[in-house]
Amino acid sequence: MITKSGGEYSYLMEAFGPIVAYLYSWASIMVLKPSSFAIITLSFAEYATTPFYSGCTPPVIVTKCLATVAIVIIVTVNCLSVKLASYVQNFFTAAKLFIIFAIVVAGIVLLTQGNTENLSNAFNGTSSSFGAIGLAFYNGLWAYDGWHQLNYITEELKDPYRNMPLAIIIAIPLVSVCYVLVNIAYFTVMTTSEVLLSPAVAVTFGDRVFYPLSWIVPLFVVFSTFGAANGSCFAGGRLAYVSGRQGHMVKILSYISLKRYTPSPALIFNGVLSFFYIIPADINGLINYFSFAVWVFYGLTTLSLIVMRFTRKELDRPVKVPIVIAGLIVIMSCYLVLAPVIENPELEYLYCAIFIFSGLLLYYPFVHLKVSWAQRIMRPITMHLQLLMEVVPPEKAE
């Protein structure tokens with residue numbers, strides 16, 4: 001129905017107006033997208049270094065340096081060419097499916113041999129409280145996160161009316177089935193405590209099942225995480241680009257390369273922020289605290305579907321989702337946002353909410369009022385950055 005790039009940003013803009021869309025772009029561009037990119041590159045670095053430190057955890061400085069190198073390479077690839085980035089994505093997705101297939105087949109063989117002990121008591125000693133289940137969903141759904149990445153590049157798709165729904169219908173069930181089967185395979189040879197303690201679960205599985213070819217597993221998992229990081233960078237850059245084009249971020253972020261037609265300023269900005277999220281000792285807490293923010297916006301985006309059924313009846317709807325499904329997702333989003341906060345209220349959730357709404361302090365003077373002194377400061381900065389990166393507004397690149 002809405003064929004603009006930017007994913008949730010564009011849908012929130014159409015349904016609820018600029019303030020809600022701005023708050024989403026503010027939280028996503030400054031924290032959610034770069035921190036996600038950082039976490040995936042850190043996973044890549046852990047899997048890449050674990051085989052070289054047998055029996056112990058790789059040094060933090062090594063994984064962080066390798067994660068930084070991965071960020072530089074991925075941002076460079078995405079700045080050079082959209083086609084090159086898509087080739088990289090296709091190659092690493094194929095590698096990912098290969099190793100998933102190998103792990104699943106090994107798991108099925110082990111199940112037929114009677115290795116079901118860890119599956120029979122998998123939930124022993126776990127909590128089933130109202131909030132704990134919500135926190136568990138945060139981590140589980142973060143692993144599935146990415147189902148909305150394609151919506152960030154709607155304008156760049158060929159025949160989006162056909163290809164986008166088709167890609168989503170194929171991809172989400174495929175990922176769901178693969179993810180569940182892989183985890184069942186892990187539990188055929190590892191206990192729940194071993195899964196929790198292992199820094200790289202697939203490597204431990206490979207050592208026990210594929211020896212002496214166990215090196216194949218970390219190699220292909222490295223391919224898998226690198227591909228996921230590439231997809232995260234691809235989508236994160238597009239959000240900054242669309243937000244800049246709308247005037248919700250600095251104008252330079254909406255510019256594209258004159259030679260390569262890629263949104264390089266937005267991609268570089270996302271990469272630089274990701275580097276800063278690699279520096280802290282542990283950023284996995286971000287998943288919990290900012291999943292709270294993510295699900296606020298996912299709930300609002302799904303609510304926008306229901307709202308526009310009544311406010312935008314005139315729009316053509318090539319695909320029409322039953323409104324009951326949208327309602328169910330809104331209810332689930334409310335649970336995921338409220339359950340952990342009610343069960344275990346922590347100051348971090350308040351800080352997260354304060355950060356999101358602090359965006360309004362910038363929105364009112366710089367976006368709504370467009371104060372002249374800010375424009376006078378930004379004009380020469382934009383011009384120098386434009387010359388340095390050889391970028392122009394999108395309408396001038398055509």
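Helices (H or I, at least four residues) and strands (E, at least two) are DSSP runs, numbered from the N terminus. By that convention, Ile-329 is found in helix H13. The structure is a predicted model, in which local features need pLDDT of at least 70, side-chain atom pairs count only at pLDDT 80 or more, and totals for chains, interfaces and linings use all residues. Residues are numbered from 1 along each chain as its sequence is written, and side-chain values use heavy atoms, with hydrogens and water left out.

**Nonpolar surface patch**

- Leu-305, Val-319, Val-321, Ile-325, Leu-328, Ile-329 and Met-332 make a nonpolar surface patch of about 550 Å².
- Patches consist of residues with over 30% relative accessible area and no salt bridge, like charges being joined within 9 Å and nonpolar side chains (Val, Leu, Ile, Met, Phe, Trp, Tyr) within 5 Å.
- The accessible areas come from the Shrake-Rupley method with a 1.4 Å probe, and for residues only the protein chains shown count as cover.
- Helix H13 (residues 323–343) supplies the largest share of the nonpolar patch, four residues.
- Ile-329 has a relative accessible area of 31% and is therefore partly exposed; buried means under 20% relative accessible area, exposed over 50%, and partly exposed in between (1.4 Å probe, protein chains only).

**Salt bridges**

- A salt bridge is a side-chain nitrogen of Lys or Arg within 4 Å of a carboxyl oxygen of Asp or Glu, and by this rule the count comes to seven salt bridges.
- One of them joins the side chains of Lys-4 and Glu-14 (2.8 Å, N to O).
- Lys-4 lies in the segment before helix H1 (8–16) and Glu-14 in helix H1, so the pair ties together parts that are 10 residues apart in sequence.
- Lys-4 is partly exposed at 40% relative accessibility, and Glu-14 is partly exposed with a relative accessible area of 23%.
- Glu-314 forms a salt bridge with Arg-312, with the closest N and O atoms 3.3 Å apart.
- Glu-314 is exposed, with a relative accessible area of 58%, whereas Arg-312 is partly exposed, with a relative accessible area of 23%.
- Lys-259 counts as exposed at 61% relative accessibility, while Glu-390 is partly exposed with a relative accessible area of 42%.

**Pocket and cavity**

- On a 1 Å grid over the protein atoms alone, a cavity is a set of points where a 1.4 Å probe fits but cannot get out, and a pocket is an open set with protein on both sides within 12 Å along at least five of seven lines; lining residues have an atom within 4 Å of a point.
- Grid points are joined across faces, edges and corners, and a volume is the space filled by probe spheres set on the points.
- The second largest pocket has a volume of about 720 Å³.
- Its lining comprises 24 residues, of which Met-249, Val-250, Lys-251, Phe-366 and Met-378 lie nearest the centre of the pocket.
- Helix H2 (18–49), helix H14 (347–368) and helix H15 (372–389) are the elements that give two or more residues to the lining of this pocket, and H15 provides the largest share, seven residues.
- The structure holds one cavity of 30 Å³ or more.
- Ile-29, Lys-33, Gly-236, Ala-240, Ala-266, Phe-269 and Asn-270 line the largest cavity.
- H2, H10 and H11 each give two or more residues to the lining of the largest cavity, and H11 gives the most, with three residues.

**Backbone features**

- The peptide bond from Tyr-211 to Pro-212 is cis, with omega near 10°.
- Pro-212 is found in the loop between helix H9 (201–209) and helix H10 (216–245).
- Asp-159, a residue other than glycine, has a positive phi near 50° and is found in the loop between helix H6 (130–144) and helix H7 (160–187).
- Tyr-261, also a residue other than glycine, has a positive phi near 60° and is placed in the loop between strand S1 (256–257) and helix H11 (264–278).
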